[in-house]
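I opened the notebook to record what I looked up in this structure. The entries follow in the order I made them.

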Amino acid sequence: MVRVVCCFLCVGLAFSALGQIRLDKLSLKKGEKYFIQNSDILVVDTLVMADSSQIILNHDKKDNFIHAKIVIIGVGCSIIGYGPKGKDGTVGINGPEQLSPCRSGAPGLDGEMGLDGSSANNLLIYSEDIQINGSLTINLNGGDGGDGGKGGQGGGGGPGTRVCAGGDGGPGGSGSRGGHGGDGGSLTINCLRCPDYQVWIGSRLHIKNYGGFGGIGGEAGRGGLAGLGPVRDGKNGQRGFHGEEGETGKNGMIKFERK
């Protein structure tokens with residue numbers, strides 16, 4: 001089951017400029033997904049997450065806020081705000097083969113650069129009492145960068161004749177740089193009656209807020225083959241250059257507070 005909730009504009013309240021979702025009670029059924037849309041603030045008196053239920057943060061807003069007096073968590077629940085992966089770069093076009101005698105092949109084109117991965121949401125949770133009866137995973141990983149496009153192959157040189165050598169192969173295109181990884185999101189939990197976070201970490205609470213990996217650099221395109229001739233063969237085209245790997249994104253911060 002999927003539930004989509006739109007915000008109501010609350011004029012005159014502290015977060016009126018942003019808009020917020022206000023509910024007395026939000027009770028998610030087993031396996032249900034709850035999307036926060038058109039707002040970045042969820043305000044609820046009681047939040048209940050049954051087993052395997054999920055809250056999907058609004059990726060259009062950098063910072064998302066959950067204000068709940070009481071939070072009750074079941075088994076295998078999750079809050080998701082990771083950044084999407086960057087798109088891979090397009091492969092470079094191969095150079096066409098040279099059909100005319102004695103002429104060099106056309107060069108292969110460079111691949112396109114991989115796009116950067118998106119940064120994750122920052123999440124701030126404010127509550128008086130959080131009860132994790134099962135387990136909760138908060139995923140704020142940054143998106144991986146897209147891989148760089150491979151360089152196109154150089155076209156083969158034209159054949160030689162009795163009066164001219166075979167054409168040289170065209171140079172291969174270069175692979176492009178992989179996209180940079182997105183930054184991991186930061187998590188702040190402000191809870192009045194919660195245990196020390198060391199009691200939860202690794203058993204009941206799992207936090208993922210690593211920076212995304214950089215995309216792999218595109219492979220170099222192969223040079224075109226030399227044209228062959230009765231007098232002299234041409235030369236094989238030079239191989240292109242391998243693309244650089246994208247940079248890894250920064251890890252997010254984790255902060256636990258008591259009011």
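Which residue in S4 does Lys-25 stand opposite? I found Lys-25 opposite Thr-46. The model is predicted, so I kept to its rules: local features need pLDDT of at least 70, side-chain atom pairs count only at pLDDT 80 or more, and totals for chains, interfaces and linings use all residues. Residues are numbered from 1 along each chain as its sequence is written, and side-chain values use heavy atoms, without hydrogens and water.

Sheet. I looked up the strands (DSSP runs of E, at least two residues, numbered from the N terminus). Two strands pair if DSSP finds at least two bridges between them. S2 and S4 (residues 41–49) pair in the parallel sense over seven bridges. Six strands form an open sheet in the order S2-S4-S6-S8-S10-S12, with parallel pairing. The edge strands are S2 (21–28) and S12 (254–257), each pairing on one side only.

Aromatic rings. I looked for rings of Phe, Tyr and Trp (its six-membered ring) with centres within 6.5 Å; planes under 30 degrees apart count as stacked, over 60 as edge-to-face and the rest as tilted. The count comes to one aromatic pair. Tyr-197 and Phe-256 are stacked, 4.6 Å centre to centre with 10 degrees between the planes. Tyr-197 is in helix H1 (residues 197–200) and Phe-256 in strand S12, 59 residues apart; a helix here is a DSSP run of H or I, at least four residues.

Exposure. Buried means under 20% relative accessible area, exposed over 50%, and partly exposed in between (1.4 Å probe, protein chains only). Tyr-197 has 36%, so I noted Tyr-197 as partly exposed. Phe-256 has 26% and is also partly exposed.
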